[in-house]
Amino acid sequence: MSAIVAEHEHDHHEHGPAKGLLRWVITTNHKDIGTLYLVFALAMFFVGGSMAMIIRAELFEPGMQFVNPQFFNSMTTMHALVMVFGAVMPAFVGLANWMIPMMIGAPDMALPRMNNMSFWMLVAGVLLLASTLFMEGGAPASGWTLYPPLVLQTGTALPFAIFSVHLLGISSIMGAINIIATIFNMRAPAMTLMKMPLFVWTWLITAFLLIAIMPVFAGAVTMLLTDRFFNTSFFDAAGGGDPVLYQHIFWFFGHPEVYVMILPTFGVASTIIPVFARKRLFGYSSMVYATASIAFLSFIVWAHHMFTVGMPIAGELYFMYATMLIAIPTGVKVFNWTATMWKGSMTFETPMLFSIAFVVLFTMGGFTGLMMSVAPADFQYHDTYFIVAHFHYTLVPASVFILMAAGYYWLPKWTGNMYDERIGQLHFWLSTISVNILFFPQHFLGLAGMPRRIPDYAVQFADWNMISSIGGFIFGASQLLFLYIVIDTIKGGTGIKATDEVWEDAHKHGLEWTLPSPPPYHTFTTPPAVVPTEHEHI
Amino acid sequence: MYQVKHGYKEEEYIDSTGFNHSRCYYLCFCGNESYFSMNQSVTQKNARLVRTLILIIIGMFGFGYALVPLYDVLCDITGLNGKVEASAVKEVSYEVDKNREVTVEFMTSLNELTPMVFNSEMKKMKIHPGQYYRVNFYAENKTDKVMIARAIPSISPGQAAEYFKKTECFCFSEQTFKAREGRTLPVRFVVDPALPKEYKTVTLAYTFFDNTEISVQK
């Protein structure tokens, strides 16, 4: 650091973090809040994962083994809600908090106090949701979609679940506002929009998605609340309402919501792959436009989740073709990642392994999505394990794998210590093999007609379910390796101190690698003069 | 270690919003303030942006509710979801199409929380489009209390709904049953001869809901 900058920093409020545990409660520092989000998300990943283990244990054999059907249905519902709202989304918000200011050369997030509030509101929301497990009548058991009239039969838990959704929604909205304000107003002078790392770009677009959809979801669950307690009849047929209306409102939120979980995934993949291919990202601007196209298309395809509710043929055709259209920008991305690796001097450290697995396995999940977009074919797939296999391929070996990749990629930067590469690779291979044992057979089960969200099944489905469960147990256990690595790396890891750029020539790819490892509590209090760009270097 | 390679005093950095970054960078060397904390302009920009975003958020919350009437309008226009007129249509005479027969099926069901007997006098009938028919349903209150119940109709296939007209129906209003009362409920209907040829069977389904609690509260 040049003398003038150091002196300048010394002059001002360059105090470090507050002492003691209170630091984590009152912090407004983007790095601290990023850490809080990431740790919380990891904890929720294990909570949601334990629920998945209960589901797979019950489905290990036909017949009722461990839990009653009501609790089983609560588990599928809570697993989904915890993983979506407690693990994947907060993990990406955590990455955004840590990385966006460091990637665009900003001293912090634009609205640090709101940042703190949005984290603690998330914790409150998830705790409220978890508390429903102990209420009379059990936790919500209607699936994460909360379809009426079934969801209205939830016991005491219903209003608590709905308020929890409100809190989670407000928390995400505040996070999104913060990210938009940071990216628009806090960039270093040299960081023009089209020089931003793709992770920043994808988060900017994701934040706009959140702003647009979270209020709609809040509205939908508020309608459920008033239907149940205040005699409105939005979805109640007796009063002239219609349950199918809920599905339309829900999926207007729900479809963009699944892209909220995948767009930042694309961003991280686009950040990691060039570093380990030692090339610049292929087709930077097409990546930006493809992300924006996917975001736009996500708003006009929602009814493909409802092909079987009874739509006119024109509606089925429209939603079918519009859905197929999404394959084009998504294909652009997959080809760009492949072209980035093409003739690159690739090395295969853990972050790169997870990223490559993401490209391959996400594409498989994308292809099954394309199959389901065919409206007449969807009548076979609807509400079967084929759907379960599809969206788990796009979430687990895609979003979750990329979150793992991000962890391995940035942990040395965050902690200043190298993780143990051998255990990282072991974690990768165990995860990749077991995730396919876990989810691939579910395609067969679905095509053979096994419905989702059932605790018991016909004996013809026994073999593949057992194999799937075995895969599930291995996958679940393998994730403990990740927990070990995170703790181990924080405590010193291999003992090898990470260099500033950690990965060879990483400083040519992103500003964060020009900072020390670990970065000081405050970074870029003066903006960096020169920014690496996706186009110019290498 | 990163280095500030050179200052920006000579160069102007104006972003798309017209904000001049170079000036504030200059200030951070001159004034005893750090780059952003002193920068009123960034704070103002943030506040403005947040206001705009909050307006969008409120607007989207409203949009969720706006989907409710939009949905009903769309269903009315298209006859989707088997939604049918909630009130009687005026009786108009159609030219009866004696050469065409359409089967009309009648289905009766009860909401699980509705203690009633409910059935129709016939399961199905063959009709000619354009001719008026009357069919009787029977409903009985199985409780010892007054019950206010409402029957919700639905027609399948949904696209046929707009051609199925009722001039009289017990479903147009709530029905009050005294304790243990049972009575016959007539429906008078006609199928518009404009019903597309491919529809050979139309199903009229009613579900009775016990609305006593809701009606009393209202």
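This is a predicted model: local features need pLDDT of at least 70, side-chain atom pairs count only at pLDDT 80 or more; totals for chains, interfaces and linings use all residues.
Q: What distance separates the C-alpha atoms of A:Val25 and A:Leu38?
A: A:Val25 belongs to helix α2 of chain A. Along the chain, A:Val25 and A:Leu38 are 13 residues apart, and the separation of their C-alpha atoms is 15 Å.

Q: How many aromatic pairs does the structure hold over all chains?
A: Rings of Phe, Tyr and Trp (its six-membered ring) pair if their centres lie within 6.5 Å, and planes under 30 degrees apart count as stacked, over 60 as edge-to-face and the rest as tilted. Over all chains, the number of such aromatic pairs is 61.

Q: What kind of pair do the rings of A:Tyr37 and A:Phe119 make?
A: A:Tyr37 sits in helix α3 (residues 30-58) and A:Phe119 in helix α5 (residues 112-131), both of chain A, so the pair ties together parts that are 82 residues apart in sequence. A:Tyr37 and A:Phe119 are both buried. The ring centres are 5.2 Å apart and the planes of A:Tyr37 and A:Phe119 stand at 75°, so the pair is edge-to-face.

Q: What angle lies between the planes of A:Phe250 and A:Trp251?
A: A:Phe250 counts as buried because its relative accessibility is 0%, and A:Trp251 counts as buried at 8%. These two residues form an edge-to-face pair with 4.9 Å from centre to centre, and the angle between the planes is 90°.

Q: Which element of chain A gives the most to the nonpolar patch?
A: A:Leu426, A:Leu430, A:Met466, A:Ile470 and A:Ile474 make a nonpolar surface patch of about 370 Å², with accessible areas taken from the Shrake-Rupley method with a 1.4 Å probe, only the protein chains shown counting as cover for residues. Patches are made of residues with over 30% relative accessible area and no salt bridge, like charges being joined within 9 Å and nonpolar side chains (Val, Leu, Ile, Met, Phe, Trp, Tyr) within 5 Å. The elements that give two or more residues to the patch are α15 (421-447) and α16 (462-490) of chain A. With 3 residues, the element that gives the most is α16(A).

Q: Which residue does the salt bridge of B:Arg134 join it to?
A: A salt bridge is a side-chain nitrogen of Lys or Arg within 4 Å of a carboxyl oxygen of Asp or Glu, and the whole structure has 8 of them over all chains. B:Arg134 is partly exposed, with a relative accessible area of 45%. The side chain of B:Arg134 meets its partner at 3.2 Å, N to O, and that partner is B:Glu168.

Q: Over the ring of which residue does the charged end of B:Arg183 sit?
A: B:Arg183 also meets B:Glu181 in a salt bridge at 3.2 Å, N to O. A charge sits over a ring if NZ of Lys or CZ of Arg is within 6 Å of the ring centre and within 35 degrees of the ring normal. The charged end of B:Arg183 lies 4.5 Å from the centre of the ring that it sits over, which belongs to B:Phe177.

Q: What is omega for the cis peptide bond that joins A:Ser517 and A:Pro518?
A: Most residues other than glycine have a negative phi, and most peptide bonds are trans. A:Pro518 is found in the segment after α16 of chain A. The bond between A:Ser517 and A:Pro518 is cis, with omega at about -10°.

Q: What positive phi does A:Phe524 have?
A: A:Phe524 is buried, with a relative accessible area of 0%, and lies in the segment after α16 of chain A. Although A:Phe524 is not a glycine, its phi is positive, at about 50°.

Conventions:
Residues are numbered from 1 along each chain as its sequence is written. Chains are lettered from A and ligands numbered from 1 in the order in which they are written. Side-chain values use heavy atoms; hydrogens and water are left out. Helices (H or I, at least four residues) and strands (E, at least two) are DSSP runs, numbered from the N terminus. Buried means under 20% relative accessible area, exposed over 50%, partly exposed in between (1.4 Å probe, protein chains only).
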